[in-house]
Amino acid sequence: MSATAAKARTLTISFVVRGLPKAQPRARSRKGLMGVYDPGTADGWKALVVGAAREHRPSAPLDVPLRVSIDFLFPRPKSLMRAKDPEGELYHTGRPDRDNLDKAVLDALKQDGWFRDDSLACAGEIRKLYHAKSGVPGARVTITELA
């Protein structure tokens, strides 16, 4: 098979998740008790991710290097909704951290059987944005197999 033919068969999947993005919380420990627990505050967001992605899920778990790019869209503050403010998306520089947002999405997709392990995601861009004035919160996810 030529390199051109192999490139033509590269899988790319895109989907949109509607809802307020949540970061994967860090594991916590309780004082005086052994072990750690997951506070679970991202469970609702993860369910939205799985629901939006379900119809696009590959028939078999992906087991190749992946580019996973995600734009997280946060609610736009009223202070950026004035007539003089730009219409489009604007960068979001506050909390939560982008790596924890990415982790929540990758964990949800792994648990739903998208790939063998989320360590396969070895490339991609993660952006945090305020949605456009006419937009809604959520995420745009694009997953591409890397040759």
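A: Let us begin with a term: a contact means heavy atoms within 4.5 Å. The model shown here is predicted. In this model, arginine 18 touches Leu48, Val136, Pro137 and Gly138, leaving aside residues up to four places away in sequence.

Q: Which residue has its C-alpha atom 7.3 Å from that of arginine 18, and how many residues apart along the chain are they?

A: That residue is valine 136, which is 118 residues apart from arginine 18 along the chain.

Q: Is arginine 18 buried or exposed, and why?

A: Residues count as exposed when the relative accessible area is over 50%. Arginine 18 has a relative accessible area of 56%, and therefore it is exposed.

Q: Which strand is joined to E1 by bridges, and in what direction do the two run?

A: Strand E8, residues 138-145, is joined to E1 by 7 bridges, and the two strands run antiparallel. Within E8, alanine 139 is the bridge partner of valine 17.

Q: Why does threonine 144 count as buried?

A: The cut-off for buried is under 20% relative accessible area. Threonine 144 has a value of 16%, so it is buried. This residue lies in strand E8, and its side chain is joined to that of threonine 12 by a polar contact of 3.4 Å. Among the residues that threonine 144 touches are Thr10, Pro65 and Arg67.

Q: How many residues does the largest nonpolar core have?

A: A nonpolar core is a set of buried nonpolar residues joined through side-chain atoms. The largest one here has 28 residues, and those with the most contacts inside it include Phe15, Trp45, Leu109, Trp114 and Ile143. At least two residues of this core come from each of E1, helix H2 (43-53), strand E4 (66-74), helix H3 (98-111), strand E7 (126-130) and E8. The largest share, 6 residues, is supplied by H3. As for isoleucine 143, its contacts include Ile13, Phe15, Leu109 and Trp114.

Q: How many aromatic pairs does a search of the whole structure find?

A: The search finds 1 aromatic pair. Phenylalanine 15 and tryptophan 114 form this pair, which is tilted, with 5.8 Å from centre to centre and 45 degrees between the planes. Phenylalanine 15 lies in strand E1 and tryptophan 114 in the loop between H3 and strand E6 (121-123), so the pair ties together parts that are 99 residues apart in sequence. Both phenylalanine 15 and tryptophan 114 are buried.

Q: Where is the peptide bond that is cis?

A: The peptide bond from arginine 95 to proline 96 is cis, with omega near 5 degrees. Proline 96 is placed in the loop between strand E5 (90-91) and H3.

Technical notes: Residues numbered from 1 in each chain as written. Predicted model: local features only at pLDDT ≥ 70, side-chain atom pairs only at ≥ 80, totals over all residues. Heavy atoms only, no water. Pairing = 2+ DSSP bridges. Helix = DSSP H or I, 4+ residues; strand = E, 2+ residues; numbered from the N terminus. Buried < 20%, exposed > 50% of the residue type's maximum accessible area, 1.4 Å probe, protein only. Core = buried A, V, L, I, M, F, W, Y, C linked by side-chain atoms within 4.5 Å. Phe/Tyr/Trp six-rings, centres within 6.5 Å; stacked < 30°, edge-to-face > 60°. Polar contact = N/O pair within 3.5 Å; in protein donor to acceptor, adjacent residues only side chain to side chain.
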